[in-house]
Every structure is written in structure tokens, then in C-alpha cells.
Amino acid sequence: MEVHPSVPAKTVAEFIAYANAQPGKINMASAGTGGLTHLAGEMFKTMAGVDLLQVPYRGSQVLTALLAGEAQVYFGPLL
């Protein structure tokens, strides 16, 4: 789980609390609908009970979107 520095959360528990306070307003980047990063994010959403908006990107564009702040969270492999 990678988050943009603008997100005021340093732990997973803090992120869950932040996401619960803003249902549907946090963009979750994925490297395409139905892919591993999308499914990892959906599993997190289900397990944590949070409402994140999935935004699919093409391949490496997902990291650019996260670094630019277009997306606030990404569930993917660390590089």
C-alpha cells in the first residue's frame, strides 16, 4: 500500500479512519480494471470497510498519477 504524501495518515489504521471520514472521495489507482492491483485494492476495501473510488490507469502511468496526487492510494508491488 502506497499513499500520496498529502494523505494525513502514517499507519494503515490512520488511513482507514481517514477514508471512513471521506467515503467515495479518495482515488485508488490501479494498473487496469480486473488486474492484480485492482483486486488487491478491492480486497482492502472489503476487509477495511472503506469506500474508495477505483481509477484505472495504463501500466506505469499509475505511479505517475500517484506521485502527481491524482490518486491518493495504490495497492501494488514496491519497486
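Hi everyone, a term before we start: contact means heavy atoms within 4.5 Å. What we have here is a predicted model, where local features need pLDDT of at least 70, side-chain atom pairs count only at pLDDT 80 or more, and totals for chains, interfaces and linings use all residues. Residues are numbered from 1 along each chain as its sequence is written, and side-chain values use heavy atoms, with hydrogens and water left out.

Let's begin with Q54, in strand β3, residues 53-56 (strands are DSSP runs of E, at least two residues; helices are runs of H or I, at least four; both are numbered from the N terminus). Which residues does Q54 touch, leaving aside its neighbours within four places in sequence? They are M28, S30, G32, T33, H38 and E42. With S30, the two side chains make a polar contact at 2.6 Å.

Is Q54 buried or exposed? Its relative accessible area is 19%, so Q54 is buried (buried is under 20%, exposed over 50%, partly exposed in between, with a 1.4 Å probe and protein chains only).

Now for the aromatics. The whole structure has two aromatic pairs. F15 and F44 have ring centres 6.1 Å apart and planes at 50 degrees, so this pair is tilted (rings of Phe, Tyr and Trp, its six-membered ring, pair with centres within 6.5 Å; planes under 30 degrees apart are stacked, over 60 edge-to-face, the rest tilted). F15 sits in helix α1 and F44 in helix α2, 29 residues apart. The tilted pair of F44 and F75 has 4.8 Å between centres and 35 degrees between planes. Together, F15, F44 and F75 form one aromatic cluster. Thanks, all!

Note on methods:
A polar contact is a pair of N or O atoms within 3.5 Å; within protein, one must be able to donate a hydrogen and the other to accept it, and residues adjacent in sequence count only if both atoms are side-chain atoms.
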